[in-house]
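Please keep the sequence and the structure open beside it while reading.

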Amino acid sequence: MPHQTPPALAARLREIFAARDRADMQPTIEAFLGVLAEHPEEPEVLYEVGGAYDTAGEEETAAGYYERAMASGLSGDALRRCLLQYGSTLRNLGRLDESVEVLERARRGFPDSDSLKVWHATSLHEAGRHDAAVAILLELIADRVPSEELARYEPALRGNAAFLAGRDARS
């Protein structure tokens, strides 16, 4: 059974997150570290500490907390968010192959996540796999952008996405 964060602890984490100031993350980091001292193996607390460091621009530190959160049994939507942020952090650290792999794994686990598709495309683009990146974005546009004008061209969008994805697979 997936790990469940106790409701009172989840509420406390949401409260700290809601009070954060992206321009000054130190108080948020300190607040999350205080909770971590009380709950050292709680997956969602580890994830939130990582996210706070990530927002502060301390990607190396963030990556370690994301890894610990996942190893501690993070699950559900918190796992989806963690995988997205971890993949993005790996990209920012120049670990492009790892970033793409993490985001591909995340997409297999959460195939309906639009945010994972966008960050996967971003990492693919950064890794020089432009065709694959554009293919994902064209599919996302065809799936999610409600527009009469685009609806007329939906088959072409999907056809171009398939062509680009196939060309990426062959290269």
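1. In the protein, residues 24 or more positions apart account for 48% of the contacts with a separation of 6 or more, where contact means heavy atoms within 4.5 Å. This is a predicted model, in which local features need pLDDT of at least 70 and side-chain atom pairs count only at pLDDT 80 or more, while totals for chains, interfaces and linings use all residues. Residues are numbered from 1 along each chain as its sequence is written, and side-chain values use heavy atoms, with hydrogens and water left out.

2. The secondary structure comes to 10 helices and zero strands, where helices (H or I, at least four residues) and strands (E, at least two) are DSSP runs, numbered from the N terminus. The C-alpha atoms fill a box of roughly 55 × 35 × 35 Å, taken along the principal axes. Of the 171 residues, 39% count as buried, a word that stands for under 20% relative accessible area, with exposed meaning over 50% and partly exposed in between (1.4 Å probe, protein chains only).

3. The largest nonpolar core has 31 residues, of which Val45, Val49, Tyr66 and Tyr86 touch the most other members; such a core is a set of buried Ala, Val, Leu, Ile, Met, Phe, Trp, Tyr and Cys residues joined through side-chain atoms within 4.5 Å. Two or more residues of this core come from each of helix 1 (7-18), helix 2 (26-38), helix 3 (43-55), helix 4 (59-71), helix 5 (76-92) and helix 6 (96-109). Leaving aside its neighbours within four places in sequence, Val49 is in contact with Phe32, Leu33, Leu36 and Tyr65.

4. How many aromatic pairs does the structure hold? There are three, and a pair is counted when rings of Phe, Tyr and Trp (its six-membered ring) have centres within 6.5 Å, with planes under 30 degrees apart counting as stacked, over 60 as edge-to-face and the rest as tilted. The rings of Tyr53 and Tyr65 are stacked, because their centres are 5.7 Å apart and their planes at 10°. Since Tyr53 lies in helix 3 and Tyr65 in helix 4, the pair ties together parts that are 12 residues apart in sequence. Tyr53 is buried, with a relative accessible area of 13%, and Tyr65 is buried, with 15%.

5. The rings of Tyr66 and Tyr86 have their centres 6.3 Å apart and their planes at 75°, so this pair is edge-to-face. Tyr66 belongs to helix 4 and Tyr86 to helix 5, so the pair ties together parts that are 20 residues apart in sequence. Tyr66 counts as buried at 0% relative accessibility, as does Tyr86 at 8%. Together with Tyr47, Tyr66 and Tyr86 form one aromatic cluster.

6. Helix 3 and helix 4 pack at an angle of about 165°, with their axes 8 Å apart; axes are lines fitted to C-alpha atoms, for helices over the stretch in contact, and angles run from 0 to 180 degrees between N-to-C directions. The two helices are therefore roughly antiparallel to each other, given that angles under 35 degrees count as roughly parallel, over 145 as roughly antiparallel, 65 to 115 as roughly perpendicular and the rest as oblique. Residues making the contact include Tyr53 of helix 3 and Tyr65 of helix 4.

7. Helix 7 (residues 114-126) and helix 8 (residues 130-144) pack at an angle of about 160°, with their axes 7 Å apart, and are therefore roughly antiparallel to each other.
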